Amino acid sequence: SRHNDVLTVSAKTGKGVDVLWREIQKYYKAAQSCGLDEKRKIQRHYWMWKYLKQTMMDALKNDPNLKDHSQSVIRKLNLGEISPRAAAQE
C-alpha cells in the first residue's frame, strides 16, 4: 500500500518545488513500471469510440431527413413485422 506524503510548496518563493518535482518524477516512473501508460491508452481508445458512437447517434436521431423513415421503421418494429436487426439495417 502506498502512502502519500504531504508537501509544503510555494510557487511564490519556490520553496519545496524541487522536492515536489522529484516526487512527481518518482510517481511517473512507478506508474510506467506498472503498465499505467498502456491502461490509459486503452481507456483513451474506449472513450474515443464511445463519444464517436454517441455523436453519430445524436446526428442520426436529429436528422430531419431520417425522422419520417425512422418513425416508419419503429412502427414496423413495434408491430413485430421486423426484427431489431432488420430495423437497424433499414
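Visitor: In helix H2 (residues 36–61), what separates Trp47 from Tyr51?

Guide: Helices here are DSSP runs (H or I, at least four residues), numbered from the N terminus, while strands are E runs of at least two. This is a predicted model, where local features need pLDDT of at least 70, side-chain atom pairs count only at pLDDT 80 or more, and totals for chains, interfaces and linings use all residues. Residues are numbered from 1 along each chain as its sequence is written, and side-chain values use heavy atoms, leaving out hydrogens and water. Trp47 and Tyr51 sit four residues apart in H2, so what separates them is about one helical turn.

Visitor: Which kind of aromatic pair do Trp47 and Tyr51 form?

Guide: Rings of Phe, Tyr and Trp (its six-membered ring) pair if their centres lie within 6.5 Å; planes under 30 degrees apart are stacked, over 60 edge-to-face, and the rest tilted. Searching the whole structure turns up two such pairs. Tyr46 and Trp47 make an edge-to-face one, at 5.1 Å centre to centre and 85° between the planes. For Trp47 and Tyr51, it's 5.6 Å and 35°, so the pair is tilted.

Visitor: Is Tyr51 buried or exposed?

Guide: Buried means under 20% relative accessible area, exposed over 50%, and partly exposed in between (1.4 Å probe, protein chains only). Tyr51 has 53%, so it counts as exposed.

Visitor: What is the chain's radius of gyration?

Guide: The chain has four helices and zero strands. The radius is taken over C-alpha atoms, and the globule rule is 2.2 Å times the number of residues to the power 0.38. That rule gives 12 Å for 90 residues, and the chain is more spread out than a compact globule because its radius of gyration is 26 Å.
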